[in-house]
Structures are given as C-alpha cells and as structure tokens.
Amino acid sequence: IIGSKEGEHLTLQLPSIFQSSIVNQKNESLISQLSIIEQVIYKSTIEINEFSKIKYCAIFGNNFAITCNYWDNSFRVKQIQNTEKLIQIINQHKNRVLCSYITKNGTLVTGGADAIVLVWQTNIKVNQPIAIKPTFILRGHSRPVIAVAASVELDLIVSASEDGKMIFHSLSNGKFIRYEWHPQFQAITHLIIIDSEPLIVTCSSDADLKNSKLVIFDVNGKLLNQKEIKDQNITNMLTTTDAKWIITSGKDLIVWHIKTLE
C-alpha cells in the first residue's frame, strides 16, 4: 500500500501475496485498504476477554497462515495461496492461543491465555511446517499474553500481557533478560520491534476501549516517549519499511513519526 504524508511516500510492510490484490483496488481509500488487510490477515487482539472470533495472527513462506483463538487451545496452519486448506493443528498451550509472530528466519512465537510463550521452528518444505514440540517454553507472565514480537538481529523476544507487563527473552536460547511495565499498567495489545533504531513500540487501550496510547521504549526497557490518542480504539499498528513512520488504524488511519509521535 502506498500512502503519503507531507509529500513523502510510505510503503507498508505487507505479505507479498496480498500486495498486488490490495494495491490494484485503485478506487479504495488508504483507510479502506488497511481495513481489507485486517479482514484478511491482521486480526486485532484488542478484545482480550472475548473468545468468539478466530484470529489470523501471522503468515510465513508466502503461503501459510497461523490462526488461533480456538476452543481446543490449538493454533492451526492453513494454506492460503490458492485456497484456505487446513495443514496442521498444534495443541501445546493449556488455554487459548491469543497471538503469534514469525521472524525473518522462520522462528514462530505464540502467546496464550495460559500466560505462556512458546517458541517454534518452522520448515515450509515439509508436509507439516511447524515442529510438533516447541523449542522453548517461556514463563514469567501471570495474566494472558496478548501480544508478542521478535527480532533475529537483536536476538530478542518481547511478550506483553493484559496487566501491562512486558518480558524480554533471548530468541536464540530462551533465557530471561528483563521485564518492564507499561507506564499506566494498561493491556499492551500490539508490539513492534524496530531493528534499525533499535526501539520497541507498544500500543495499549484503556479499560473501556475508548482511548489508546502509543509508548516507545529502547531495547533496554527505558521509556523514551508516549502519546495518548483520544477517541481512538487502535485495532492495528504497522511500520513503514524505512522504519521512520508508524501507521495505526482505528476510527481513523493515522501516520506517526517514530521518534516524536507527532
């Protein structure tokens, strides 16, 4: 998707299989296009107490989607290139799987209502692309984990729970690094790790889901900036490929500068 702000072009990071079909809808506004993305693959985890919707959380290999929030505590792998075909069902969490993230090298991270984070290896060349057993089991949360992100370059996994706690683990060996709290102890519904800065961007909402907040930390957990967003229930958050801008969607589509949040 190409948008603009102050004369600059913004290129969103999207799975390649969706780029052509979305960009070609020339009559759609940028907001409508982002809504299409949400309907297809980027499902929000903001409704943390509602277990009625299946959520598409991550894609990999340009052909597989991870879906979660099933009654049997599984997450599932579906083929999506030509048809939505069920490939694999994995049951290792002890409660509903609420979020997932897949890295550039194919490592999958899942978080669940069991307050556990699991790390998995993937292989798109075999019939069942997700390993049956997780590589690491990461603990430390006491509330449901509703957002995860990871970075190969920084050797980092960040997980966030509905009580506002963020836990940092090593991606390569699963070792605990540190934990931090959201400044207002709000549920962190979205996480982005910016490798190039490096920064961690979080999005949270208040209890009645009427207002949202963006908070930026460095990778050591130091609070750098925060921005309260009135009358906006943020349902998604993406970055531009140059890592200069954050795009949030809710009632409005808003583009924020990564450093100033203006």
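1. Arg76 counts as buried because its relative accessibility is 15%, and buried means under 20%. Its side chain meets that of Asp72 in a salt bridge, with 3.1 Å from N to O. Keep in mind as you read that this is a predicted model.

2. How many salt bridges does a search of the whole structure find? The search finds seven. As background, side chains of opposite charge can pair when their charged atoms come close. The next points look at a few of these pairs.

3. Take Asp195 and Lys104, which form a salt bridge whose closest N and O atoms are 3.8 Å apart. Asp195 sits in the loop between β15 (187-194) and β16 (199-205), while Lys104 sits in the loop between β7 (97-102) and β8 (108-112), so the pair ties together parts that are 91 residues apart in sequence. Asp195 is partly exposed because its relative accessibility is 27%, whereas Lys104, at 67%, counts as exposed.

4. Now compare Glu162 and Arg143, a salt bridge with its closest N and O atoms 2.2 Å apart. Here Glu162 belongs to the loop between β12 (156-161) and β13 (165-169), and Arg143 to the loop between β10 (136-138) and β11 (145-151), so this pair ties together parts that are 19 residues apart in sequence. Is Glu162 buried or exposed? Glu162 is buried, because its relative accessible area is 13%. Arg143 has a relative accessible area of 40% and is therefore partly exposed. Salt bridges can also share partners: Lys104, Glu153 and Asp195 are joined into one network in that way.

5. Next, have a look at strand β16. β16 is mostly covered, with seven of its seven residues buried. In a regular strand the side chains alternate between the two faces of the sheet. In β16, Leu199, Val201, Cys203 and Ser205 point one way, Ile200, Thr202 and Ser204 point the other way, and all are buried.

6. What are the neighbours of β16? On one hand, β15 and β16 run antiparallel and are joined by seven bridges.

7. Which residue in β17 is the bridge partner of Cys203? That partner is Leu214. The hairpin of β16 and β17 has six residues between the strands, and in this hairpin Leu209 takes a positive phi near 60 degrees.

8. A word on the cysteines. A disulfide is a covalent bond between the sulfur atoms of two cysteines. The structure holds zero disulfides.

9. Phe176, Tyr179, Trp181 and Phe185 make a nonpolar surface patch of about 450 Å². Tyr179 has its place in strand β14 (residues 176-181). With a relative accessibility of 44%, Tyr179 counts as partly exposed, because that label covers values between the 20% limit for buried and the 50% limit for exposed.

Terms used: Residues numbered from 1 in each chain as written. Predicted model: local features only at pLDDT ≥ 70, side-chain atom pairs only at ≥ 80, totals over all residues. Heavy atoms only, no water. Patch = residues over 30% accessible without salt bridge, like charges linked within 9 Å, V, L, I, M, F, W, Y side chains within 5 Å. Areas by Shrake-Rupley, 256 points an atom, 1.4 Å probe, with all protein chains shown as cover. Salt bridge = Lys/Arg side-chain N within 4 Å of Asp/Glu carboxyl O. Helix = DSSP H or I, 4+ residues; strand = E, 2+ residues; numbered from the N terminus. Buried < 20%, exposed > 50% of the residue type's maximum accessible area, 1.4 Å probe, protein only. Pairing = 2+ DSSP bridges. Disulfide = S-S within 2.5 Å.
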